[in-house]
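Please look over the model below. The briefing covers a pocket, a cavity and a helix pair.

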Amino acid sequence: MAEQTLTPALDSCDPTDRRGPPNHRLEPLGMDVQHIEHDFHHYYGRFLGRSGTCICDHYAYEALAITLRDRLMERWKHTNWAYQDSDCKRAYYLSLEFLMGRAMGNAMLNLGIPPQVRRAVMNLGMHLEELMELEPDAGLGNGGLGRLAACFVDSCATLQLPVVGYGLRYEYGMFRQHIDNGFQVEDPDHWLRNGNPWEVERPEFTQRVQFGGRTEFYKDHDGRTRARWVDSNDVLAVPYDTPIPGYRNGTVNTLRLWKATATDEFDLTEFNAGLYPESVAAKNEAEGITMVLYPNDSSENGKELRLKQQYLLASASLKDVLRDWTAHHQDFTEFAAKNVFQLNDTHPTIAVAELMRLLMDKYGLDWDDAWDITTNTMAYTNHTLLPDALERWPVRLFELLLPRLLDIIYEINARFLAEVAEHWPGDNDRLARMSIIEEGGERQVRMAYLAIVGSKSINGVAELHSRLLVEGLFRDFHQLWPHKFNNKTNGVTQRRWIGWCNRPLTEHLNLILGEGWITDLSMLSELNAYVDDPDFRQTWRETKRTNKQRLAQLVQQECGVEFPIDAMFDVQVKRIHEYKRQLLNVLHAIHLYARIKAGDTANWTPRCILIGGKAAPGYVRAKQIIKLINNVARVINHDPETTGLLSLAFLPNYRVSAMEIICPGTDLSEQISTAGKEASGTGNMKFMMNGAVTIGTLDGANIEIREAVGEDNFFLFGLTAEQVTETRRHYDPNGIIAGDANLSRVMQLLESRHFNRFEPGLFDDIAQAIRDPNDPWLVAADFAAYVQAQEAAAQAYADAERWTSMSIRNTACSGRFSTDRTMLEYNRDIWGLDKVPALPLNR
């Protein structure tokens, strides 16, 4: 089917709408206990139809959520009116992931009413914490990428920057993980089972998205050759808006998520003929696009579905922006001056070709004008140094699903290679390296290269990462366009990651610093003046102890393992991947176990090791590592000799709400990736803000954390990125193992099946990988240095005064790792937005 334009009436709540506010005004809703109670009763009894005899707490949670959403809604509308009044430049943040977590606590905090809500709920005979536990984590992300996107939109709202987030509304988020006999088992995460009271469906802004079909060329009324996409199989993208509140500033920005639906619910003819499955086949196929976050793309069907997800996000979002623009402007003369698209990693980079298609095929611009707009509005953030993680799609898949987009990519590539040839005449090897189309074997579209060619800015997310990009993966492009490349070190929002999740520390900081730090994290540096204050240090320890009690309760509840509060809480929680080296961590746990069994426990520091994270369903080695961790934990925790000395637990179903308990209660933060592999990391920043001390390699943002806090307050070990490259040339892990008594003992326990006596051969592949000279993660190479750094950490923890000082200084030096700073840098160097305060509620 040829592309059609849906033209709904514009609405004042639309985040892209540039009209002014209506003349009528609404009275602001009360923020006191009495008004909150009144509205709760209204929604509980009249909207949800419940009575006092209802024993289902879910309805109470929903009534409270809608009560809070009302207060967001009025600020939401006034924010959009302010943007409309000013006709401001806007940024659009396209991300396939938004790992938002729970919304209720964040809404209360940013509205500034946690005490009022707590009191109102108490007056109603309920406990706020129990109601909040009923909210599912909005699991629309896999890990750091999605959580970073959530922090970014939070900071943009707090900074009052006109930014709209665009993503997909997955019916099933990241799978729920449970452990069965040590193995990861994936369960569907139907987080929308009971609805989502925080979102607003906006069917009037539905967009039609095309797949399949063919390109047809024709002459327009001026005799110019034009192209159109015909005979396509279309789906509809229906938007659902979620409010993103700034911190106590009246601003509420928008996260717009797209749900795929069929153009027709079902085929009535087939239904009446008794062909019931066939009658709803189109509906099921369309809705499948946004059914699951990250389908397993090891199969051909999985690849096709993932490409459909990426294109649906790009096409629907761009059409949404262009819909609003053309409703209020006669042409595209000022479009680049008023709009910018930030592409979060390589997933949405098909937006480069899609914007070209829309500008040319739908709006009639010629190539040069469309390309000028595209290359002045697109900006690309890269999040990986792993070549395999850069999106590459078979050309045949583009031919099948996106034929018109492939035409445009071919033309972009031809013009780009002509420019390369002008700079380096006769350098065919360079042309092959830089081509967007990878030749040889099955031809592939290199999506990262498309993003670089079509964007005005390309940034990495930590200083080392950005340097390695221009020295390695993107070296050729940097030589051509050095001005495009820059660094934007990641951050996290202190409002969720201290202000909400660490109430004891928040109260302590407010008492010492006032409340300004929650929007200006650099104020934490003032804590350095209190490092030697005995009363402050004692309160600091009491605060950490309170948080450790909460974490110990979580571990007991989720894992059935006791964590003594006075032990060092040694934590590594993140996506399970070989480069993140959870394997190195568990090898150290085996080393500690071997020491205990050998009686080597003089001056021992009790330690509780917590590991958590999910492995991709198709990632066999990562799932083997989870099994190893659980088997080692079972042996350690059931051995009487380890009692009070060593515990190990694997936390199932790691998620945002779990991290809100984990990071305040952690003593030692494990950031132990192979140097040169972690782009940035953000868990390291959350732990640092909450007073954990880092043990880590010189990788990602670890480098900047160590620079900020000082080498005496960071446990460094391992090869540098340069040493990793050099070591690989002559790596001899078997020689390293033979020459290291500690590692030899660990490998002997692993290879003797001590941890898998009734599961023969289970861990043979892991042992062989450690001994493999081609092991890219160099586990054996860093083991001895890791053990030495762990011993230093244990000695430091045994000295309570020294550890307290280190903990305080980590928090005090974490100011630069706020996403507020990150977003200000994006805005200064890439976006160029003006701060736009929300209109007052009484306007």
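Helix α22 (534–559) gives the largest share of the lining of the second largest pocket, five residues. This is a predicted model, in which local features need pLDDT of at least 70, side-chain atom pairs count only at pLDDT 80 or more, and totals for chains, interfaces and linings use all residues. Residues are numbered from 1 along each chain as its sequence is written, and side-chain values use heavy atoms, with hydrogens and water left out.

**Second largest pocket**

- The volume of this pocket is about 680 Å³.
- A pocket is an open set of points on a 1 Å grid over the protein atoms alone, with protein on both sides within 12 Å along at least five of seven lines; lining residues have an atom within 4 Å of a point.
- Volume here is the space filled by probe spheres set on the points, which are joined across faces, edges and corners.
- The lining has 22 residues, and the closest to the pocket centre are Arg102, Glu129, Glu133, Arg550 and Ile661.
- At least two lining residues each come from α3 (104–111), α5 (128–132), α20 (494–500), α21 (503–513), α22 (534–559) and α25 (656–662).
- Helices are DSSP runs (H or I, at least four residues), numbered from the N terminus.
- By class, the lining has ten charged, seven nonpolar and five polar residues.
- Ala, Val, Leu, Ile, Met, Phe, Trp, Tyr, Cys and Pro count as nonpolar, Asp, Glu, Lys and Arg as charged, and the others, Gly among them, as polar.

**Cavities**

- The whole structure holds five cavities of 30 Å³ or more.
- A cavity is a set of grid points where a 1.4 Å probe fits but cannot get out.
- The largest cavity has about 90 Å³ of space.
- Its lining is Glu578, Leu583, Arg621, Ile625, Ile766, Ala769, Ile770, Asp775, Trp777 and Val779.
- Seven of these lining residues are nonpolar, three are charged and none is polar.
- Both α24 (620–637) and α31 (764–771) supply at least two lining residues.
- Helix α31 gives the most, with three residues.

**Helix pair α23 and α32**

- Helices α23 (residues 582–597) and α32 (residues 779–798) pack at about 55°, with axes 10 Å apart.
- That angle makes α23 oblique to α32.
- Axes are lines fitted to C-alpha atoms over the stretch in contact, and angles run from 0 to 180 degrees between N-to-C directions.
- From α23, the contact residues are Leu583, Leu584, Asn585, Leu587, His588, His591 and Arg595.
- From α32, they are Val779, Phe783, Tyr786, Val787, Gln790 and Glu791.
- Contact means heavy atoms within 4.5 Å.
- The α23–α32 contact has seven nonpolar, four polar and two charged residues.

Conventions. Parallel < 35°, antiparallel > 145°, perpendicular 65-115°, else oblique.
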